[in-house]
Amino acid sequence: MNLILTLAAAYLGYRIAKKAGLPAPAMIGSMIAVGISNIVFDYAVLPLWVKVFAQAISGAFIGMQIMKKDILNFRYLVKPFLILIGALTANTFFTGAVIHAVSGMDYTTALLGSVAGGVSDISMISMEMDASTPLVALMQTVRLAGVLLIFPYWIKFFTRNEAAGDEDGRLITGSTDRSDTPLDRLARTPGQKIAFTLAVSILTGILGNASGMPAGAMVFPMFAVAALNITTSVCRVPVQVKNVAQLLAGALVGCSMKRSTFADMDKVLLPLLLLLVNYWGVNLIYSLYCKRRRLLDLKSAMFASAPGGATDMSLIAADLNADLTKIALIQVLRAVYAVTVMPAAITLFVYFVQ
């Protein structure tokens, strides 16, 4: 009965958040609904396999964003991408260390909350790394909300005198041909492709979870699906499946919320403000540098380095006539970096400082 009530609360929260126009409604809506009701009634429960399933599907969805044309285009964007992840990594550790010093928050929680990753991805990773998942989820949610609410106006202000970003003629924008493989002949219909992708994702997610690697349940499916998506046409993850995974991820975070979690919430307000201010600073400094060095135009650089989702930032960028190909590719690769490299880097950092 508790499981049924938890899922019902998660779904209700998702529907309300979607109607209210909140960002990432499946994740944030279910997290808020389950979290609030669990704080009041202390009832929420979900089995462990739900976490592996949610991570596996999230990883597969990230992998689906990587296509053959992205591999071919990457050589033109190596330099701005490496500079960006260097700046974001430095900002993560600087911000996390300051938050730890100011609020007393443990290093793992402070650092994961400062990573420029997805709300559901980083929140689920925090469960494996013994961080305070509710606080990580709160910091990630505030960052995402701040990006979606403030960054479009922030970027519009600084690029008000910039010309529309022209598409780089070197970049491949259309689809690239992939040879017909035995797998393509095995899975031809949309239903077969969805079933095949889910099977690969769940199997590699289980293997990744058993490996002991940080975020292994997400990283293994991500690379498996990306490899298949580059070489074949058999992968398909419909948005409905992604929403289910995010809904379950939000419910998992909500289950971890207790009254004691928010007892010292006043101590988190300053870290949240610091988090947003630092990302604004990184966004502006990186973009001005890229413009000066002619690595990217100012508009594209600001959208590419905005710590939001690839889909969200690309949709907003389309309204402001920015270079969507560059923005989408850098955003997707940034998301991959956040879930593959940053958890291991944080684990090593915490090991040496404690």
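Start by selecting Leu46, which sits in the loop between helix H2 (25-41) and helix H3 (48-64); helices here are DSSP runs of H or I with at least four residues, numbered from the N terminus. You're looking at a predicted model, where local features need pLDDT of at least 70, side-chain atom pairs count only at pLDDT 80 or more, and totals for chains, interfaces and linings use all residues. Residues are numbered from 1 along each chain as its sequence is written, and side-chain values use heavy atoms, with hydrogens and water left out.

Leu46 is buried, at 13% relative accessible area (buried means under 20%, with a 1.4 Å probe and protein chains only). Now show what Leu46 touches, leaving out residues up to four places away in sequence: Leu3, Thr6, Leu7, Leu248, Ala251, Leu252 and Cys255 (contact means heavy atoms within 4.5 Å).

Next, pick Gln140 in helix H8. Gln140 is buried too, with a relative accessible area of 0%.

The crossing of H8 and H13 is right-handed, meaning the near helix is turned clockwise from the far one by less than a right angle. To see the contact, select residues including Met139, Arg143 and Trp154 of H8, plus Leu276, Tyr279 and Asn283 of H13.

How values were computed: Helix = DSSP H or I, 4+ residues; strand = E, 2+ residues; numbered from the N terminus. Buried < 20%, exposed > 50% of the residue type's maximum accessible area, 1.4 Å probe, protein only.
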